[in-house]
Amino acid sequence: MTQDRTTPRAASAAPSADVAPDAAVASDVVLAAGVRVWGVSHVEAGAVIGSGTTVGRGVTIGAGVRIGADCKVQNAALVYGPAVLGDGVFVGPGCILTNDHVPRAVDPDGTVRRVGDWQPAAVVVEQGASLGAGAVCVAPVRIGRWAMVAAGAVVVADVPDHALVAGVPARQIGWVGRTGTRLVRVDDLTFVCSDTGDRFVLDGERLEVVR
């Protein structure tokens, strides 16, 4: 894989994209308007980063990753392809999004595994979700809209929209609204966000917005 380590912008970057001189960005990466890539970060071939997104220092964005608009990918995060991040996603410092559920360096006969010897799996993070510092998401897994993963959690199963999960392995410990504030239970099935006034109804294991 050839990387462009000399030019401050990838060939398909918008004029307003800002890439640090010591960031390594592949020549076919697509950077939309207002993207910022800080120093010592590595954006691999085929990645697409949406408008207004910030990629912190020392981040790896793997080949084929798709990142939406207005995301924040904090320092030292590792986002391996084919991960998909929706608009407004927060990825805390030191987060890891894996892409191989059964990783091996070699086959049983000792042959070194190379690109094409395994099938990558995706971590999908939906709009507005947040991954706390040091969280690990083990592919394949989906993090729902506006969900929140606590710092240091290890996610090995899908996280519902608006769910708050914590621990190793991550377990749901509550619900959060769009601001990240924990929802207040009104009755057995109804929750409310004290910040926005949004109301939610629990339908089985899903939380439905009724605002």
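Author: Two strands are said to pair when DSSP finds at least two bridges between them. A strand here is a DSSP run of E with at least two residues, numbered from the N terminus. The model is a predicted one, in which local features need pLDDT of at least 70, side-chain atom pairs count only at pLDDT 80 or more, and totals for chains, interfaces and linings use all residues. Residues are numbered from 1 along each chain as its sequence is written, and side-chain values use heavy atoms, with hydrogens and water left out.

Strand β26 covers residues 199–203 and strand β27 covers residues 206–209. The two run antiparallel, with four bridges joining them. One of the pairs is Asp203 with Arg206, its bridge partner in β27. Together the two strands make a hairpin with two residues between them. Gly204 sits in the turn, and its phi is positive, at about 70 degrees.

Most residues other than glycine have a negative phi, and most peptide bonds are trans. Val40 is one exception, with phi near 60 degrees. Val40 belongs to the loop between β5 (36–37) and β6 (42–43). Because its relative accessibility is 47%, Val40 counts as partly exposed; that class lies between buried, under 20% relative accessible area, and exposed, over 50%, with a 1.4 Å probe and protein chains only. Ala76 has a positive phi as well, of about 65 degrees, although it is not a glycine. The loop that holds Ala76 runs between β11 (72–73) and β12. Ala76 has 41% relative accessibility, so it too is partly exposed.

Next come the exceptions among the peptide bonds. Gly81 and Pro82 are joined by a cis peptide bond with omega about 10 degrees. Pro82 is in the loop between β12 (78–79) and β13 (84–85). Another cis peptide bond joins Ala139 to Pro140, and there omega is about 0 degrees. Pro140 lies in the loop between β18 and β19 (141–143).

Several of the strands named so far belong to sheets. Ile96 has Val136 in β18 as its bridge partner.

There is also an open sheet of nine strands, with mixed pairing, in the order β2-β5-β8-β11-β14-β17-β20-β22-β23. Strands β2 (18–19) and β23 (171–175) form its edges, pairing on one side only. Strand β20 (residues 148–149) is parallel to strand β22 (residues 163–166), again with two bridges between them. There, Val149 stands opposite Val165 of β22.

Gly174 counts as buried because its relative accessibility is 14%. Leaving out residues up to four places away in sequence, Gly174 touches His162, Ala163, Leu164 and Arg182, where contact means heavy atoms within 4.5 Å. His162 is 12 residues from Gly174 in sequence, and their C-alpha atoms are 8.7 Å apart in space.

Last is the confidence of the prediction. The chain has a mean pLDDT of 93, and 95% of its residues reach 70 or more; pLDDT is the predictor's confidence in each residue, from 0 to 100. Residues 1–8 have pLDDT below 50. In the model, this stretch has 18 contacts beyond near neighbours in sequence.
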